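Visitor: I would like to walk through this model with you, one feature at a time. Could you begin with a single residue and then widen the view?

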Amino acid sequence: MKKNNRVLKEFFYVLTGTLAIFSLLELAWPGVVLAYININWVLIFWLIIGIFLLLFSD
Amino acid sequence: MLKNFFIQKLRVLLWLILIGIVCFLLYQAIAPDGKAIYTYNFSQPNKVNYFIGELKPKDRLKIINNIQSVIGEPVYFFLRTLRKFDKAKITLQYQNPDDLPLIEMGLLKGKIIWRYDLKPITNKTLNQLIMAWSTVYGANGELLLEREKKYQTFEGFLKNPPPINEIATYNYNFKNNYLLPDYQPTDKENKINQPLRGSYQFYTYIKNEKLDLEFSFFDINKNKDNDPIELNLYYQDKLIDSKRLDDKDAPVDDNKKIDRGKLRLNSNDLTEGVYKVELLVNDDIITNQIISKQSKLSFINRLWIAEGAKNIELKTDGNIVSAQTINPDSLQTIKVGDNNLILDKTYQQFKIFNKKNFNAGALIKLDKGDVILSGNGVFSFDQNSFIEPNIKKADNSLDINANKINYVLAKYQAPKENNGWQIAEMEFDIADAYREKNVFQLGDTNKMSFLISIPDLKMDDNIDDKIIFGKITIGLSGKSLLDKIKTIFYEKK
């Protein structure tokens, strides 16, 4: 369980970074991300992992 | 220890994937080689594409057997790019089961008069002539069609052209030096006192005289926007003079009529020939009067005779005349030659197609104004001021035999056929395309608007006809990253 949490934490950190980088890219160059990736899905995965970590963290 | 190593490896891998994705996105957006290709399928509109928009408006589309068909024209779509490109090569698949004679695609170049740069998708008249007449190709893909073989090369035709009345053109700018040998300038002042609404263009003729045109304007403040007035003078498609009146008042929509003053075009020492005058305004601006020293003055293709005008008489040489009004008080029967054009509904365009009177010209009589007149010829308020320097357009509105056309010049490629689809190719210069401006975004967007025009596909004609548009491929080309860096470097130097 602990190992799973650490793996999930890594995904959570990367997804947080992804959201931040994608948002900054979109602000600087509109369309650069949204043309290829639906950020909504990134946000949903980030939220699910975040909730999971909150519920099952030690 | 082993667990930590696994986590570290996973961490590096995940961040590398993110860096890879960001690099991919930036590479796609920058397009370092200056090229990009986007595709979309118009017949399957449920798939969303960021770059190419679906066809609109929806009420001109119909789903038949799970395939989207176009049942009314025009339809529009957008092209959105992440950086600027100069050229767009478009390949479009379509099916034309009802054999509609003319389909064209246009790129929006200016929004004030909704100016579209139209390119052919198919032209039935030319498709038939290519099979029946002798064809000669020019160095840049131009096409010369001859009823009887006379010219061996396209360049030979341009050097020694036949009389203008034997030539028709399509999507080709034939530079003919139109001169009136019997023209004599006069000192007489000519006035157009019928009020005209919105933008228009007209031809005038100069020979050993000065150009003197005075326009007086009103603003009717029906729309809450800024109403600048721009007047341009062109000679052989080159802008030679421009005047502007800025709107200094705050934008209001109180329907109060305001005098906006006058603009004057005044030039000496002009070469003999035809000049084009263009007024660029929105529909709040009324031209109350035009005073001119020129004796020739003919409006090109479209004219909105404003409210208040009465007993209007115009001459046109076009064989298609359309009328439309947005004012219920302006519903009337318009006389076009011997025919009646019954304008009995607002917001609907009514059309007369008159093959017989093409060369003779037709007299148009209206009882009252607030009517938008349009057609494929010119309109003149006075018989003597009529001038038509344009060469006839080779499309389905022209009877090639009745008009004794012996030569057709065109920039046209007949569509190819593949697996039941017609495939048309066209190329647009998109460097100067009109782009939307967003309030909350710095700089221009790269969103361009395209139109597909099918003049014979009307929704309200009770004919069950349609067109199916399939896959569209847009190949874009522009400056490469290296060229861009070089330009910046040399410009700074």
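Visitor: Is B:Tyr275 buried or exposed?
Guide: In this predicted model, local features need pLDDT of at least 70 and side-chain atom pairs count only at pLDDT 80 or more, while totals for chains, interfaces and linings use all residues. Residues are numbered from 1 along each chain as its sequence is written, chains are lettered from A and ligands numbered from 1 in the order in which they are written, and side-chain values use heavy atoms, with hydrogens and water left out. Buried means under 20% relative accessible area, exposed over 50% and partly exposed in between, with a 1.4 Å probe and protein chains only. B:Tyr275 has a relative accessible area of 1%, so B:Tyr275 is buried.

Visitor: In which strand is B:Tyr275 found, and which residues is it in contact with?
Guide: Strands are DSSP runs of E with at least two residues, helices are runs of H or I with at least four, and both are numbered from the N terminus; B:Tyr275 is found in strand β18, residues 273-280 of chain B. Contact means heavy atoms within 4.5 Å. Leaving aside neighbours within four places in sequence, the contacts of B:Tyr275 are B:Phe202, B:Tyr203, B:Thr204, B:Ile206, B:Leu233, B:Tyr234, B:Tyr235, B:Ile240 and B:Leu270.

Visitor: How is B:Gln289 placed, and which residues does it touch?
Guide: B:Gln289 lies in strand β19, residues 285-292 of chain B, and with a relative accessible area of 21% it is partly exposed. The C-alpha atoms of B:Gln289 and B:Lys484, which are 195 residues apart along the chain, are separated by 49 Å. Not counting residues up to four places away in sequence, B:Gln289 touches B:Lys191, B:Ile192, B:Asn193, B:Glu214, B:Phe215 and B:Ser216.

Visitor: How many helices and strands are there in chain B, and what percentage of its residues is buried?
Guide: Chain B contains four helices and 33 strands, and its C-alpha trace spans about 100 × 60 × 55 Å along the principal axes. Among contacts in chain B with a separation of 6 or more, residues 24 or more positions apart account for 76%. Of the 493 residues in chain B, the buried share is 47%.

Visitor: How is chain B divided into domains, and how far apart do the centres of domain 2 and domain 3 lie?
Guide: The bounds come from an automatic or database domain assignment, which divides chain B into domain 1 (2-30), domain 2 (35-122 + 417-481) and domain 3 (309-383). The C-alpha centres of domain 2 and domain 3 of chain B are separated by 31 Å.

Visitor: Which residues touch the most other members of the largest nonpolar core?
Guide: A nonpolar core is a set of buried Ala, Val, Leu, Ile, Met, Phe, Trp, Tyr and Cys residues joined through side-chain atoms within 4.5 Å. The largest has 55 residues, and those touching the most other members are B:Ile52, B:Phe77, B:Met105, B:Ile452, B:Phe469 and B:Ile472. This core draws at least three residues from each of domain 1 (2-30) and domain 2 (35-122 + 417-481) of chain B. Apart from it lies another core, of 43 residues, among them B:Leu297, B:Leu303, B:Ile334 and B:Ile352.

Visitor: What is the phi of B:Asn255, and what is that of B:Asn311?
Guide: B:Asn255 is found in the loop between β16 (238-245) and β17 (258-267) of chain B and is exposed, with a relative accessible area of 51%. B:Asn311 has its place in strand β21, residues 310-316, and is exposed at 62%. Although neither is a glycine, phi is positive in each, about 60 degrees for B:Asn255 and about 45 degrees for B:Asn311.
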